[in-house]
Amino acid sequence: EELPSMKIREGCSPAKAWHSYTPLNCNNFHEIEAGLLSSEDGNFIKFLDHGGRRDAWVYKRELQGEQTDRVILKTLRWDKPYGERYFDNQRGDALVSERLMGSPHVIDTFGFCGMSTFNEFA
């Protein structure tokens with residue numbers, strides 16, 4: 001089931017219908033235990049670094065029924081504002097990542113929700 005598309009700037013329209021699609025997969029994000037440093041089953045989360053808008057975390061957990069050694073969780077930095085413009089930018093990045101995931105030259109994306117993504121650890 002497709003979710004409602006994002007608002008398009010006045011005077012602009014998407015070239016293809018899928019350009020305005022929002023590929024949300026929020027359940028995996030909401031399953032993360034807040035404050036998880038490590039657990040008996042080997043899951044852990046650790047701060048890695050930050051970029052201009054987002055923090056990067058190393059996260060080890062089973063995702064979508066597949067054991068994944070490590071993935072990168074990117075979240076909005078606490079000191080950065082949230083806004084529709086930034087959300088739409090992240091949505092576009094997630095959409096492009098989803099469409100290019102089959103390429104061996106592109107990092108796999110395991111999920112997208114709001115301002116957060118799960119990406120392959122590379």
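**Entry 1: cores**

I looked up the largest nonpolar core and found eight residues in it: Phe-29, Ile-32, Ile-45, Tyr-59, Val-71, Leu-73, Cys-113 and Phe-118. I note that the model is a predicted one. I then listed what Phe-29 touches, leaving out residues up to four places away in sequence. Leu-73, Cys-113 and Phe-118 are on that list, along with Gly-111, Phe-112, Ser-116 and Thr-117. Leu-73, Cys-113 and Phe-118 also belong to the largest core.

**Entry 2: the chain as a whole**

I counted two helices and five strands. Read from the N terminus, their order is α-β-β-β-α-β-β. The chain has 122 residues, and 34% of them are buried. I also checked contacts between residues at least 6 apart in sequence: 51% of these join residues at least 24 apart.

**Entry 3: second largest pocket**

I looked up the volume of the second largest pocket, which is about 290 Å³. Its lining has 15 residues, and those closest to the pocket centre are Ile-72, Lys-74, Ile-107, Asn-119 and Glu-120. I checked which elements supply at least two lining residues each, and noted β2 (54-63), β3 (66-76), α2 (84-100) and β5 (116-120). By type, I recorded seven nonpolar, four polar and four charged residues in this lining.

Conventions: Residues are numbered from 1 along each chain as its sequence is written. This is a predicted model: local features need pLDDT of at least 70, side-chain atom pairs count only at pLDDT 80 or more; totals for chains, interfaces and linings use all residues. Side-chain values use heavy atoms; hydrogens and water are left out. A nonpolar core is a set of buried Ala, Val, Leu, Ile, Met, Phe, Trp, Tyr and Cys residues joined through side-chain atoms within 4.5 Å. Buried means under 20% relative accessible area, exposed over 50%, partly exposed in between (1.4 Å probe, protein chains only). Contact means heavy atoms within 4.5 Å. Helices (H or I, at least four residues) and strands (E, at least two) are DSSP runs, numbered from the N terminus. On a 1 Å grid over the protein atoms alone, a cavity is a set of points where a 1.4 Å probe fits but cannot get out, and a pocket is an open set with protein on both sides within 12 Å along at least five of seven lines; lining residues have an atom within 4 Å of a point. Grid points are joined across faces, edges and corners, and a volume is the space filled by probe spheres set on the points. Ala, Val, Leu, Ile, Met, Phe, Trp, Tyr, Cys and Pro count as nonpolar, Asp, Glu, Lys and Arg as charged, and the others, Gly among them, as polar.
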